[in-house]
Amino acid sequence: MAFVQFSKVSLAFGDRDILKQVSINLQTGSKVALTGANGSGKSTLIKVLAGLIKPDDGERAIQKDCRIAYLPQSGLTHQGCTLMQEADKAFEYGYELQKKIDDLGEQLQHNPPNMQALAQQQADLIQKLDDSGWYRRESVAQSVLLGLGFLRSDFDRQTQEFSGGWQMRIALAKALMTGPDILLLDEPTNYLDIEARNWLEDFLQGFPGGFLLVSHDRYFLDVTINEVYELFNGELKRYPGNFTHYEKVRETELKTLIAAYEQQQQEINKLQDFITRFGYKATKAAQAQEYQKKLEKMVRIEIPESLKKMHFKFPPAPHAGRLVLRLNGITKSYDGKTNVLDNLDLTLENGQRLVVTGRNGAGKSTLLRIIAEQDSRFTGEIIPGAGVKIGYFSQDNAETIKGSQTILEYMEENAPLELIPKLRDLLGAFLFRNDDVYKSLDVLSGGEKSRIALLQLLLRPVNLLILDEPTNHLDLHSKDVLLNALRDFGGTVVFVSHDRGFIQQLATQVLHLEPGHAKYYPGDYNYYLEQTEKGGESLPLSPAAVVSTGSTTPSSATPSNGEPAPRNAPQLSWEEQKKLEAEKRKKAKTLANLEQQLADLEQKKSELENRLADPAVYSNGEKAKAVQREINELAVKIEEVTEQWMQASE
């Protein structure tokens, strides 16, 4: 049984203890998650396990011939060969064994005196080479690459042509293909879409060796690991069971500590408040100094950063009409040849939480940029509803946050004047506490920049949130609080995420994209999974989110009920096609007219509601009654037109 064992390992950077008397044992069959707050030293511990960092103290024992594969969070690039040639480098171990076998073969040809021993050694190596999967390396490489989302057409591409995220997929593929005894994976899911994550889950479940991984995807952890190690204040503690079980045990375990922490925080705030208010008054100066000494001597209680949860709510969503957005015939191509989006129609209704899924390159981010009005180079039209105000988040937002300004200065510069007094509280809710607000933007991690970009969405009220991977770089607890805020949000949400648990708890509809093709599923993510597992077709049952998949040839056309057309369906004559197209245009025009009526009625109703809030109106009983009467009449009319719109949509 292969193993890597550490006993009482310690490591310090300057005056900070990263690891204090840490012990851990990884062996064949170990399925371990390593957790802890951002900055707690998880990546450092993995590097120590991999032998890349030498500890200051402690013992490290590794079984002879135990092979370890390590994948860092980021930073790996490949160039100078094709994808398959790079993948073949993962089998270096086999090439080394083959060379030893050949060398022994040459020695045996000369009838050495120790021929029997050499022959046995060669036989052992041949058996070891066979067990390593060496003779199946090409099929193994293809299987792993395809599982992680590469296409067969990618196999002959030069590795330098792949983007940073795909470079890390190459590195992950190589780590898996080496057939190691112990796998050390630091955030392996960061650059994977859902399909690739599902494949990796299956791979790890069947992996015969042992592995330790860091991930912020709770679902991924729950289905792959059976024990958790938490790194907190340099100390490592083991919890058997999956990640959800660990969280429950840890929550119970820390209740007393959290109560003591909160009580101490209240005392600290009172002392600091007294010092601030009376420190310069002669009658209170001595007492203030005593309180200051008490603060300095106080042994501060610390709790895991993961338990200092973000608490926030989006501002109330401004009033918007029932119809939020309509996309007609959206087509997008980057090279003028292949359409990423092809004649896509989409109607969003107020209150929906639509997740856009699909493999990388299917057009998810492209669609979100178009909806968010960040990309105007497309054909088709976008018709926003009355009163729609858009808030947009993507990783690109986070990447633009840089400079020598402090976090606080940056937020003050971008915040409305009335919110500036509340910025410290908002930053605290996003885990930027005390002196953290004075950090320079240039020293922030990707996760910290993402939290700032999300915080910026709080500053101005919107009613349509467009979120492209909002959970990337957030820890598990921050994801939970963001999830709760989005579920309580009074507007409409369109989002992309590769976190399955996040999607399952938020999405109410699913739009699945494939290059040039789209399918709509009028239910939550579990419904989507059921339909795809059954091989069922998507069904545009909801008039609030009707999706057209673009024009198709008669042999592959899909009727509006979502069922494939029979292969022997009769071809329409030119006259029949022309008549059908005319009917389609007439119905589309009727639908557009009804939508415009609804938008106008909603706008009038909104204006009247604003009038009702005017003191000159609500303080006058007669005027208030008259305005309210008009509002009621409009509400009835809106219901009537909505009913007509629904019938026309069906």
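# Rings, cysteines and helices in a predicted model

Visitor: How many disulfides does the count come to?

Guide: The count comes to 0 disulfides, a disulfide being a pair of cysteine sulfur atoms within 2.5 Å. This is a predicted model, where local features need pLDDT of at least 70 and side-chain atom pairs count only at pLDDT 80 or more, while totals for chains, interfaces and linings use all residues. Residues are numbered from 1 along each chain as its sequence is written, and side-chain values use heavy atoms, with hydrogens and water left out.

Visitor: What about C66, buried or exposed?

Guide: C66 counts as buried, because its relative accessibility is 14%. The cut-offs are under 20% relative accessible area for buried, over 50% for exposed and in between for partly exposed, with a 1.4 Å probe and protein chains only. C81 is buried too, at 7%.

Visitor: Switching to rings, how many aromatic pairs are there in the whole structure?

Guide: A search of the whole structure gives 11 aromatic pairs. One of them is F203 with F207, a stacked pair with 6.0 Å centre to centre and 25° between the planes. Rings of Phe, Tyr and Trp (its six-membered ring) pair if their centres lie within 6.5 Å; planes under 30 degrees apart are stacked, over 60 edge-to-face and the rest tilted.

Visitor: And how exposed are those two, F203 and F207?

Guide: F203 is partly exposed at 22% relative accessibility, whereas F207 is buried at 8%.

Visitor: Why is the Y525 and Y528 pair tilted?

Guide: Their planes are at 35°, so the pair is tilted, and the ring centres are 5.1 Å apart. Y525 and Y528 are 3 residues apart in helix α18 (residues 525–534), which means they are separated by about one helical turn. Helices (H or I, at least four residues) and strands (E, at least two) are DSSP runs, numbered from the N terminus. Y525 is buried at 2% relative accessibility, and Y528 is buried with a relative accessible area of 7%.

Visitor: Which residues do ring pairs link into a cluster?

Guide: F150, F162 and W166. F162 also has the charged end of R157 over its ring, 4.1 Å from the centre. For a charge to sit over a ring, NZ of Lys or CZ of Arg must be within 6 Å of the ring centre and within 35 degrees of the ring normal. The charged end of R67 sits over the ring of Y93 in that way, 3.8 Å from its centre.

Visitor: OK, helices. At what angle do α13 and α15 pack?

Guide: Helix α13 (residues 407–414) and helix α15 (residues 446–458) pack at about 25°, with axes 11 Å apart. Axes are lines fitted to C-alpha atoms, for helices over the stretch in contact, and angles run from 0 to 180 degrees between N-to-C directions.

Visitor: Where is E469, the one with the positive phi?

Guide: E469 is in the loop between β15 (464–468) and α16 (476–488). Its phi is about 55° although E469 is not a glycine, and the residue is buried at 8% relative accessibility. K8, in strand β1 (residues 3–13), has a positive phi as well, near 55°.

Visitor: Last one: how far is D156 from Q85?

Guide: D156 and Q85 are 8.5 Å apart in space, C-alpha to C-alpha, and 71 residues apart in sequence. D156 lies in the loop between α5 (137–147) and α6 (164–177) and is exposed, at 66% relative accessibility.
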